[in-house]
Amino acid sequence: MKAVVIVFLVASVCIHCAIPSKQNIRKKRAWIVDSLSMEEEHSGPFPYKLGDLNIEKTVMEEYFIHGQGIDKDPKGILSVKTNGSIYALGKVDYEEYKKLRITLTKENTNVAVDIVIQDVNDHAPVFNKEVYEITIDESTPQGEHLVTVLATDADQFGTANSLFTMKIISVSPQTLNTEFFIEQTEGDVIGKISFKGCLDYEETQKYTILVEAKDQGEKVQLSSTSTVIVNIIDKNNHLPEFTRTSAFTEVKAQRSGEPVCRLQVTDKDSRGSAAWRARYSLQGDEAQRFKIQTDPETNDGVITVAEPLNNEERSNLSLIATVENEEPFFYCRVTGRPRHGLWDVEHSRGRPSSTSVFLLFTVIRKDASEPSVFVEIMNHVGVMERMETGRMLEVKKLSMCLSEKNTVITAVDPDPYSPSFHFELMGDVEGKWKLHSNYGTTVRLIKESAVRAGNHELTLKISDSRGQFSLQTLSVHVCDCDVSANCHVHRAPTIQLNITAVTAIVISILVLLGILMMACQIKGRAKKSAMSSFLSLEEEHNQSLSSDTFERRETDCMCFEPEADGQTNVLLYPGSIFISLQLNSTP
């Protein structure tokens, strides 16, 4: 029984293997017997022959022809003749079909023919934006990346038709100190725009740049353009300048909160911007007694009294007012334009950013109409007050030949305890004027080559060893002595004396002293008479003046003489009383 079962199973397997099924039938793949090419977007005329199939003509009639271009999209583009010739009946777009396949079927035999579509340069590179617009600061340094532009080409990747280069074809407006350029890596689809030189808002507030992308097609090159707009924001490349180098004003004592002075400045930056708005400060021993604020409408500095002043303590106050902008100062200047690479420029953001003005306040009494105590004594009595003049230039007007490189300036101070000074040039003098040394009573002023013939006003800050200072204006006339024969050159004072001159001066002084001694002896009696008259006048007014005042007059009195008309003048030291006396001519 078991043997019968085994025989039955073996027979079943054999029968199953002998019967073919659809799953077991092997499909025969199509053999590619030929390959032809077809240029995309061919202009005709149609039909035109693409080529012949490598199949016998007698066999062609046995095949069923179908596939792309015949009964599949793009339908009606291809035609296969019985002799094996293939014809093109219309255009094909490469971007849509890279290849068309025709299949010839006969029973279990499939033969395929590929028609390869050849790309032609029918697409120009296209930017992803028609207009790019950016905004940058005027202080942007050269070489910094500004904007990236992107373009693509739909032609066959990697061919000359799809490769393109970018370049700047125009910039408007054209400026002397700015040149834009674009950088692109070979084969890359992006370009980076930068510039050489310096931006200047006062010269132009906007640049319009036209950028072109052009492909490298063999037969024809296609291109397109895009516009880049670069807007410039004004930054602080102009310092505020005071309209005057010094200011003198009167301040009433024992009052506060009142405006006492208004300082005006000019600034070439955009009005209302942080580069234009002024920020003021005061320096000096009494600076805390004042405050200065900016008028937002006019940009003026308004000084008011913060603490009441006392004219008994100090009658004159000297301060320095300094002004700067809210925004840091920057500087950019082109010094060279090499052919390759960036230009040579001076670019700095750490330069001095303030200018100063000298202020002198005279403190007067609260009630200026109050009569002086001396006026009550005598109608011809006045008060001689000495105002501190501080450190002053010995000569305030100089002339130089254009060919000369330097000259000497000297400062003097009535204070005998200030033997040495510190000199400092103020204002915009860089590249024009400088000092060879800053310390001493005499310094050398150096004229740079950039200085031209004409009149030049220089401001010098002269400080002593105790920190007190004054601002002095020096007028320098630069003259081209080779051109003008009438150039009057006023030199800085120098002393050039020989032995003969010194001897003559000493003899003259001795002779003058002898004459003065003889004159004093001859006029002794006249002096005694005048002194008697003076003492009589003092006795008449001794009730009005204190004893201290009388003693001061007596010690401060130097000497006096009666004039021919009987008028006698008495000259006292500063701070004392000046008296005019009328003496009788009777013996």
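Q: What makes the pairing of the side chain of glutamine 472 with the side chain of lysine 396 a polar contact?
A: The distance does. In this predicted model, the two side chains come to 3.1 Å. The cut-off for a pair of N or O atoms is 3.5 Å, with one atom able to donate a hydrogen and the other to accept it. The value of 3.1 Å is within that cut-off, so the pair counts as a polar contact.

Q: Is glutamine 472 buried or exposed, and what value decides?
A: Glutamine 472 has 6% relative accessibility. Buried means under 20%, so glutamine 472 counts as buried. Its place is in strand S36.

Q: Why is the link of cysteine 198 to cysteine 332 called a disulfide?
A: The S to S distance is 1.9 Å. The limit is 2.5 Å between cysteine sulfur atoms, so this pair qualifies. The angle about the S-S bond is -75°, and the link is left-handed.

Q: What does the pair of cysteine 198 and cysteine 332 tie together?
A: Cysteine 198 lies in the loop between S13 and strand S14 (206–215). Cysteine 332 is in strand S24 (residues 331–336). The pair therefore ties together parts that are 134 residues apart in sequence.

Q: What is the handedness of the disulfide of cysteine 401 and cysteine 481, and why?
A: The torsion about the S-S bond is about -90°, so the disulfide is left-handed. Cysteine 401 sits in strand S29 (residues 397–401). Cysteine 481 is in the loop between strand S36 (469–479) and helix H3 (499–522). The two are 80 residues apart. Cysteine 401 is buried at 10%. Cysteine 481, at 25%, is partly exposed.

Q: What makes S14 and strand S15 a pair?
A: Nine bridges, in the antiparallel sense. Two bridges are enough for strands to pair, so S14 and S15 meet the rule. Tyrosine 207 stands opposite valine 230 in S15. Strand S11 (residues 164–172) and S14 also pair in the antiparallel sense, over eight bridges. There, phenylalanine 164 stands opposite aspartate 215 in S14.

Q: Why do strand S8 and strand S12 stand at the edges?
A: The sheet is open, in the order S8-S10-S13-S12, with antiparallel pairing. S8 (126–127) and S12 (178–183) each have a single partner strand, so one side of each is left without a neighbour in the sheet. Within that sheet, four bridges join S10 (residues 147–152) to S13 (residues 190–197). The bridge partner of valine 147 in S13 is isoleucine 193.

Q: What volume lies in the largest pocket, and which residues are closest to its centre?
A: The largest pocket has about 1,700 Å³ of space. It is lined by 47 residues, and closest to the centre are Leu239, Glu241, Gly427, Asp428 and Val429. Strands that each supply at least two lining residues include S24 and S36. By class, the lining has 17 nonpolar, 15 polar and 15 charged residues.

Terms used:
Residues numbered from 1 in each chain as written. Predicted model: local features only at pLDDT ≥ 70, side-chain atom pairs only at ≥ 80, totals over all residues. Heavy atoms only, no water. Buried < 20%, exposed > 50% of the residue type's maximum accessible area, 1.4 Å probe, protein only. 1 Å grid on protein atoms, 1.4 Å probe; cavity = no way out; pocket = protein on both sides within 12 Å on 5 of 7 lines; lining within 4 Å. Points joined across faces, edges and corners; volume = space filled by probe spheres on them. Nonpolar A, V, L, I, M, F, W, Y, C, P; charged D, E, K, R; others polar.
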